[in-house]
Amino acid sequence: MNRYVCVHGHFYQPPRENPWLEEIEIQDSAYPYHDWNERIMIECYAPNAASRILDHEHKIINIVNNYARMSFNFGPTLLSWMQRKMPHAYAMILEADRESRKKYSGHGSALAQVYNHMIMPLADSRDKRTQIIWGIRDFEYRFQRRPEGMWLAETAVDLETLDLMAEQGIAFTILSPYQALAVRQLEAKEWVDSRGGKIDPKMPYRCGLPSGKSMAIFFYDGPISRDIAFGGLLNNGEGFARRLMEGFTGEAVPQLMHIATDGETYGHHHGYGEMALSYCMNFLEEKGLARLTVYGEYLERFPPTHEVKIVENSSWSCVHGVERWRSDCGCHTGGRQGWTQAWRQPLRETLDWLRDELAHLFEKEMCAAGMTAWPARDRYIDVALNRNEQTVAAFFAEHAGGIIFLPEQKVRLLKLLEMQRQAMLMYTSCGWFFNEVSGIETVQILHYACRALQLAREISGKDLEPELISRLQAAKSNIDAFGTAAEVYRRLVQPAALDLRRVAAHYAISSLFTDYDEESSLYCYTVKRHRCDRLELGKQNAVLGRISVCANITGEAQDVSFAIFHFGDHNLIGGVRESLPDDVFSAMEEKIRAVFQRSDITAITALIDEYFGNHKYSFWSLFRDEQRAVLHKILTSTMEEIEQSFRQINEHHYPVLRVMKSAGLPLPKIFSTTLGFIHNTDLLRSLESSEIDVERLRALVEAVREWPLEIDRQMIGFVAGRWFNECMEAFVQNPDRNELLQLMEQMFIVLEPLGLPLRLWSVQNAYFDLSRHIYPAKQWRAEKHADAFAAEWVETFESLSRFLRIRTA
């Protein structure tokens with residue numbers, strides 16, 4: 001077999017974490033999911049770990065892990081999120097790489113990636129080196145092996161980057177065919193022009209580097225990759241496979257047909273694209289059309305016979321090279337007429353200025369502490385990957401040259417290193433990719449810049465922020481309300497900044513609504529409660545206390561006193577400050593108790609001024625997710641009142657509504673709205689109930705069909721899918737609970753008329769596994785031993801397959 005196929009997926013999301021919390025806050029545009037990472041996880045990353053292969057009746061006949069058969073890379077920051085939030089799918093990705101090594105002669109399907117998707121040709125040499133080293137170390141930590149290849153952000157490349165990769169042991173990378181400048185056979189003298197994508201993609205090439213080292217480069221097939229991403233090739237798995245076969249020639253020589261696209265193509269950009277990929281790879285192997293491989297295996301079997309010169313400062317997503325990330329080159333993703341991206345250059349120049357200022361501070365302070373600055377930064381990834389006292393101690397033991405640092409000195413050094421991590425995150429490529437400087441991607445990288453500035457200020461006492469804002473004035477927004485990036489920074493970035501006192505304020509305010517343990521984790525902080533007293537008077541309540549707040553990342557800690565008052569609804573006021581002495585705190589508490597019992601708001605405000613001065617906080621001091629949660633609790637009684645009013649309206653006028661319906665008259669909007677609200681609420685409550693009332697649910701579904709009513713099918717489908725998942729999990733724990741199978745069948749029948757968008761990935765995975773391991777034994781007992789229970793089990797199990805679209809036999 002001389003025909004080989006390799007499909008590469010670049011799976012990546014920009015880091016979205018709030019840099020002060022190290023967690024992603026709620027993103028409304030991802031509804032009904034919490035954020036876009038979670039949504040794309042459900043639509044793409046998880047489905048590719050258990051992808052369905054269908055028969056001619058569109059029933060599932062197999063479930064396969066695409067990652068074990070394709071080539072892939074995941075952004076390290078995305079895998080870090082996945083490890084915390086979706087550990088099961090994360091484990092399936094790691095397992096896929098282990099499985100692929102058995103299939104591909106010891107070569108794994110996973111590739112490394114430069115750490116946070118920095119455009120490497122635009123980075124300085126130090127950042128290039130750290131990005132490569134961090135990408136490798138992150139890969140080793142997760143996949144427990146050395147990476148053979150590395151993916152470059154946007155395939156943006158220059159020779160220095162390749163040289164640094166080769167220095168770190170990277171054997172190959174993948175580029176666009178339009179990034180090849182010239183080729184020739186090894187030892188030949190004449191170079192052949194290959195610009196414009198004219199290079200043959202069916203072989204690897206050797207690229208000589210300035211250091212004397214070399215790098216193997218695979219240039220993917222451009223036309224087929226474009227058809228997959230943009231041309232509808234994923235509409236049919238067999239058509240996908242046959243299109244790949246068209247790329248081979250009739251020559252009896254080894255040929256590699258390989259493609260590369262964003263991994264999100266398979267499931268997120270194209271719904272169920274992961275299934276087309278599974279079918280394609282299965283079809284190629286079953287029909288003996290080609291052999292699947294990965295780049296490392298192919299390179300070992302068929303080393304380069306040609307060498308190549310690359311187009312430096314080029315990429316796969318900008319026809320102008322790398323200008324998309326530093327100028328108004330004309331590449332964009334849409335936007336309104338007249339919009340420009342002239343803001344890109346001053347933004348790049350501003351962040352370059354900040355990078356250099358921070359680098360000078362870093363070198364100076366690290367040198368003063370007796371540590372080598374840049375080698376220490378290169379190894380700081382070990383701390384970032386596994387933040388605990390042992391890792392930090394090992395890091396300082398390796399890089400401190402025998403110096404024993406005091407705790408406060410360690411805090412200072414960790415702040416310096418964290419400042420550098422933020423300074424690299426601010427170069428994440430998405431910040432320049434889109435149309436507008438106030439877009440969420442650009443605001444995100446400015447958050448990283450703001451956090452780096454804050455750390456620099458705490459370390460040196462020098463405030464670089466005014467100069468940054470001044471420089472951002474040159475970056476013009478397309479939106480008149482902002483004017484420039486300086487205003488974007490003031491309005492969308494600065495309010496997000498927080499310190500330990502702000503964390504304490506969040507804890508204090510939220511403790512009015514949440515019962516915390518004596519020691520609690522709050523995002524990337526640890527809070528220890530020393531004292532907490534609650535006061536209640538009708539709807540008003542207050543909390544006074546003393547806590548210690550510690551930043552888990554830098555080790556910085558602060559003791560804090562607080563007093564928070566809730567006067568009903570969202571009316572919150574209070575103070576937070578450095579910890580008061582015992583006698584002062586007791587005196588304050590005594591005064592507060594006295595005025596609180598009189599409900600004297602004026603006196604309470606005066607006491608807050610007296611003891612806390614300008615350190616006052618309110619509802620807006622809560623972090624975004626907690627604001628939502630608190631508002632939900634506050635509005636519960638209000639929503640109950642509204643709901644009761646709606647129910648009374650409907651009950652009072654229901655006879656008239658029936659007459660209107662019988663006469664074929666449309667319902668007035670007020671009635672269709674109130675009816676829809678009530679039924680939507682009741683459906684959600686029924687699905688969230690600890691015990692499902694199937695008949696009640698059936699009546700609700702019938703009512704929705706009868707009128708008909710507008711309901712939130714997306715959210716109801718989301719909640720229903722969660723119920724099916726939980727029910728199946730309970731059944732897997734005890735497969736003899738036939739009543740759970742029967743309940744799921746009933747629920748499918750009842751909900752079917754609503755046409756809900758149910759995500760049943762986990763349910764189908766579990767059912768498929770049961771059909772291969774439990775079902776045969778039950779079927780055998782039913783047939784051979786006339787086991788009545790087994791027969792009933794088999795009947796219900798087989799009936800359920802209709803709804804899950806799985807072939808049981």
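Guide: This is a predicted model.

Visitor: At what angle do α14 and α16 pack, and how far apart are their axes?
Guide: Helix α14 (residues 407-425) and helix α16 (residues 440-460) pack at about 155°, and their axes lie 8 Å apart. Angles over 145 degrees count as roughly antiparallel, so α14 is roughly antiparallel to α16.

Visitor: Which residues of α14 and α16 meet?
Guide: From α14, the residues are Arg412, Lys415, Leu416, Glu418, Met419, Gln422, Ala423 and Leu425. They meet Ile445, Tyr448, Arg451, Ala452, Leu455, Ala456, Glu458 and Ile459 of α16. By class, this contact of α14 with α16 has 10 nonpolar, 1 polar and 5 charged residues.

Visitor: Turning to α2 and α4, what is the angle there?
Guide: Helix α2 (residues 76-85) packs against helix α4 (residues 125-143) at about 35°, with axes 10 Å apart. The crossing of α2 and α4 is left-handed. Pro76, Leu79, Ser80 and Gln83 of α2 make the contact with Asp138, Tyr141, Arg142 and Phe143 of α4.

Visitor: Now the largest nonpolar core: which residues touch the most other members?
Guide: That core has 126 residues, and those touching the most other members are Tyr45, Tyr67, Phe74, Met82, Leu162, Phe240 and Leu751. Helix α25 (residues 713-733) supplies the largest share of this core, 9 residues. Apart from this core lies another, of 105 residues, including Leu416 and Val443.

Visitor: And what does Leu162 touch?
Guide: Leaving aside residues up to four places away in sequence, Leu162 touches Leu152, Val157, Thr173, Cys207, Leu209, Met215, Ile217 and Ile310.

Methods:
Residues are numbered from 1 along each chain as its sequence is written. This is a predicted model: local features need pLDDT of at least 70, side-chain atom pairs count only at pLDDT 80 or more; totals for chains, interfaces and linings use all residues. Side-chain values use heavy atoms; hydrogens and water are left out. A nonpolar core is a set of buried Ala, Val, Leu, Ile, Met, Phe, Trp, Tyr and Cys residues joined through side-chain atoms within 4.5 Å. Buried means under 20% relative accessible area, exposed over 50%, partly exposed in between (1.4 Å probe, protein chains only). Helices (H or I, at least four residues) and strands (E, at least two) are DSSP runs, numbered from the N terminus. Contact means heavy atoms within 4.5 Å. Axes are lines fitted to C-alpha atoms, for helices over the stretch in contact, and angles run from 0 to 180 degrees between N-to-C directions. Angles under 35 degrees count as roughly parallel, over 145 as roughly antiparallel, 65 to 115 as roughly perpendicular and the rest as oblique. Ala, Val, Leu, Ile, Met, Phe, Trp, Tyr, Cys and Pro count as nonpolar, Asp, Glu, Lys and Arg as charged, and the others, Gly among them, as polar. A crossing is left-handed if the near helix is turned anticlockwise from the far one by less than a right angle, and right-handed if clockwise.
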